[in-house]
Amino acid sequence: MGALPVFRWRLAPDGYATRRQLRALGLRPGGQPVAAQLERPRRRRGPLVAYLYRVDLAVPVRPMTPARRAALERANRARRTCPKCRRDAGYVIPAALGCCVPCAYPDPHGSEGSTL
C-alpha cells in the first residue's frame, strides 16, 4: 500500500470529505479506508491532520430505529445518573468528578446554605 495523498488545508479536490462533512450529507464512510489527509500547519507544533474519505464510496447513514433511539436514551440517562445518590443530575456527570456536583462538593452548612 502506498502513502496517502496529502493536501494543504482547504485545498482538497472535490470528491473527498471528512467524517463530519459526510455526516452533514447523510453519509458515512461505510468501511472504506482513509483515502487522503489534510494538513494544516501550526507554529512550533506538528500540523493538524484531518482524514478524508471518498464521497462516491460512502454509504447512507443507517436510519434511527425505535430500538436504537431507546438504547441511546438509556445510555444518555446513565451518563446523567450520579453513582452516589442515584439521582438524575440533569447534565452529563463530569468524568473528573465521577459524581454530581452536590455529592462531590457537599455543603458544609447543610442544605439550607446558611452563612451565619
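**The sheet**

Four strands make up an open sheet in the order E1-E4-E5-E2, and their pairing is mixed. Strand E1 (6–8) and strand E2 (16–17) are the edge strands, each with a single partner strand, so one side of each has no neighbour in the sheet. Please keep in mind that this is a predicted model.

**How the strands meet**

- In general, strands of a sheet pair through backbone hydrogen bonds, and they may do so parallel or antiparallel.
- E2 and strand E5 (residues 45–54) run antiparallel and are joined by 2 bridges.
- Tyr16 is found opposite Arg54 in E5.

**The largest pocket**

- Rolling a probe the size of a water molecule over the atoms shows where empty space is left.
- The largest pocket has a volume of about 190 Å³.
- Its lining includes Trp9, Arg10, Leu11, Ala12 and Pro13, and also Tyr16, Ala17, Thr18 and Gln21.
- Leu38, Ala50 and Leu52 are among the lining residues too.
- Both E2 and E5 contribute to this lining, with at least two residues each.
- Sorted by class, the lining of the largest pocket has 9 nonpolar, 2 polar and 1 charged residues.

- Gln37 belongs to strand E4 (residues 36–42).
- Is Gln37 buried or exposed? With a relative accessible area of 13%, Gln37 is buried, because the cut-off for that word is under 20%.
- The side chains of Gln37 and Glu39 make a polar contact (3.1 Å).
- Beyond the residues up to four places away in sequence, Gln37 touches Leu4, Pro5, Val6 and Phe7, as well as Val49, Ala50, Tyr51 and Leu52.
- Gln32 sits in the loop between strand E3 (27–28) and E4, and its relative accessible area of 12% makes Gln32 buried.
- Which backbone oxygen lies 3.0 Å from a polar atom of the side chain of Gln32? It is the backbone oxygen of Arg54.
- The backbone oxygen of Pro29 lies 3.3 Å from a polar atom of the Gln32 side chain.
- Setting aside residues up to four places away in sequence, Gln32 touches Tyr53, Arg54, Leu57 and Ala58.

**Two arginines in loops**

- Arg10 lies in the loop between E1 and E2, and its phi is near 70°, a positive value in a residue other than glycine.
- Arg10 counts as exposed, because its relative accessibility is 75% and the cut-off is over 50%.
- Arg10 is also one of the residues that line the largest pocket.
- Arg44 is placed in the loop between E4 and E5, and its phi is near 65°, again a positive value in a residue other than glycine.
- Arg44 is exposed, with a relative accessible area of 84%.

**A proline in E5**

- Pro47 is part of strand E5.
- With a relative accessible area of 40%, Pro47 is partly exposed.
- Which residues does Pro47 contact, leaving aside its neighbours within four places in sequence? They are Glu39, Arg40, Pro41 and Arg42.
- Pro47 and Arg19 are 28 residues apart in sequence, and their C-alpha atoms are 19 Å apart in space.

How values were computed:
Residues numbered from 1 in each chain as written. Predicted model: local features only at pLDDT ≥ 70, side-chain atom pairs only at ≥ 80, totals over all residues. Heavy atoms only, no water. Buried < 20%, exposed > 50% of the residue type's maximum accessible area, 1.4 Å probe, protein only. Polar contact = N/O pair within 3.5 Å; in protein donor to acceptor, adjacent residues only side chain to side chain. Contact = heavy atoms within 4.5 Å. Pairing = 2+ DSSP bridges. 1 Å grid on protein atoms, 1.4 Å probe; cavity = no way out; pocket = protein on both sides within 12 Å on 5 of 7 lines; lining within 4 Å. Points joined across faces, edges and corners; volume = space filled by probe spheres on them. Nonpolar A, V, L, I, M, F, W, Y, C, P; charged D, E, K, R; others polar.
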